[in-house]
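Trainee: I would like to learn how to read the features of a model like this one. Can we go through them in turn?

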Amino acid sequence: MRTSIIILYSYTAARKAAKQLINNGIKAGITKISGYKGGGCAYGVRINDDVERAKEIIGRAGIRYRDII
């Protein structure tokens, strides 16, 4: 599977998203992204799983994300 990074608005949001994904069986790790196009630093969650499933899990938890790369 392809590695994807879900870009979030803060470290706290990335931590919450990673926890939700892990609790739902998706291996996830937090990564810092410097110079992100939205300005400044951003944090993301790196996954090697189905992105659509990850988006659904994060959405159910009420966590907003910026982008997916």
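Trainee: Which residue just after α1 takes a positive phi?

Mentor: G25 does, with a phi of about 85 degrees, just after α1. Before going on, note that this is a predicted model: local features need pLDDT of at least 70, side-chain atom pairs count only at pLDDT 80 or more, and totals for chains, interfaces and linings use all residues. Residues are numbered from 1 along each chain as its sequence is written, and side-chain values use heavy atoms, with hydrogens and water left out. Helices (H or I, at least four residues) and strands (E, at least two) are DSSP runs, numbered from the N terminus.

Trainee: What follows α2?

Mentor: G62 follows α2, and its phi is also positive, near 80 degrees.

Trainee: How many residues does α1 have, and what span does it reach?

Mentor: The expected span of a helix is 1.5 Å times one less than its number of residues. Helix α1 covers residues 11-23, which is 13 residues, and reaches 18 Å from its first C-alpha to its last, close to the 18 Å expected.

Trainee: Which residues of α1 are buried?

Mentor: Buried means under 20% relative accessible area, exposed over 50%, and partly exposed in between, with a 1.4 Å probe and protein chains only. An α-helix has 3.6 residues a turn, so residues three or four places apart point the same way. In α1 the buried residues are A13, A14, A17, A18 and L21. They cover an arc of only 130 degrees around the axis, which puts them on the same side of α1; the arc is that of the directions from the helix axis to the C-beta atoms. K19 and N23, on the other side of α1, are exposed.

Trainee: What covers the buried residues of α1?

Mentor: Contact means heavy atoms within 4.5 Å. The cover includes β1 (4-8), β2 (28-33), β3 (42-47) and α2 (51-60). Helix α1 lies across β1, β2 and β3, and runs at about 15 degrees to β3. Axes are lines fitted to C-alpha atoms, for helices over the stretch in contact, and angles run from 0 to 180 degrees between N-to-C directions.

Trainee: In what order do the strands of the sheet come?

Mentor: Strands of a sheet pair through backbone hydrogen bonds, either parallel or antiparallel. Two strands count as paired if DSSP finds at least two bridges between them. Here four strands form an open sheet in the order β2-β3-β1-β4, with antiparallel pairing. The edge strands are β2 and β4, each pairing on one side only. Neighbouring strands of this sheet are turned by 30 degrees against each other on average, direction ignored.

Trainee: How many bridges join β1 to β3?

Mentor: Five bridges join β1 to β3. Among the partners in β3, Y43 pairs with L8 and R46 pairs with I5. Three bridges join β1 to strand β4 (residues 65-68), where I68 is the bridge partner of I6.

Trainee: Which residues of β1 are buried on each side?

Mentor: In a regular strand the side chains alternate between the two faces of the sheet. For β1, S4, I6 and L8 are buried on one side, and I5 and I7 on the other. Five of the five residues of β1 are buried, so the strand is largely enclosed by the rest of the structure.

Trainee: Which residues of α2 are buried?

Mentor: V51, A54, I57 and I58 are the buried residues of α2. Seen down the axis of α2, they fall within an arc of 125 degrees, so they line one face of the helix. These residues pack against β1, α1, β3 and β4. On the other side of α2, E52 and R60 are exposed.

Trainee: Which residue caps the N-terminal end of α2?

Mentor: A polar contact is a pair of N or O atoms within 3.5 Å; within protein, one must be able to donate a hydrogen and the other to accept it, and residues adjacent in sequence count only if both atoms are side-chain atoms. D50 is the cap: a side-chain oxygen lies 3.3 Å from the backbone nitrogen of E52.

Trainee: What does the side chain of R53 reach?

Mentor: The side chain of R53 reaches the backbone oxygen of N24 at 2.6 Å. R53 lies in helix α2 and is partly exposed, with a relative accessible area of 33%.
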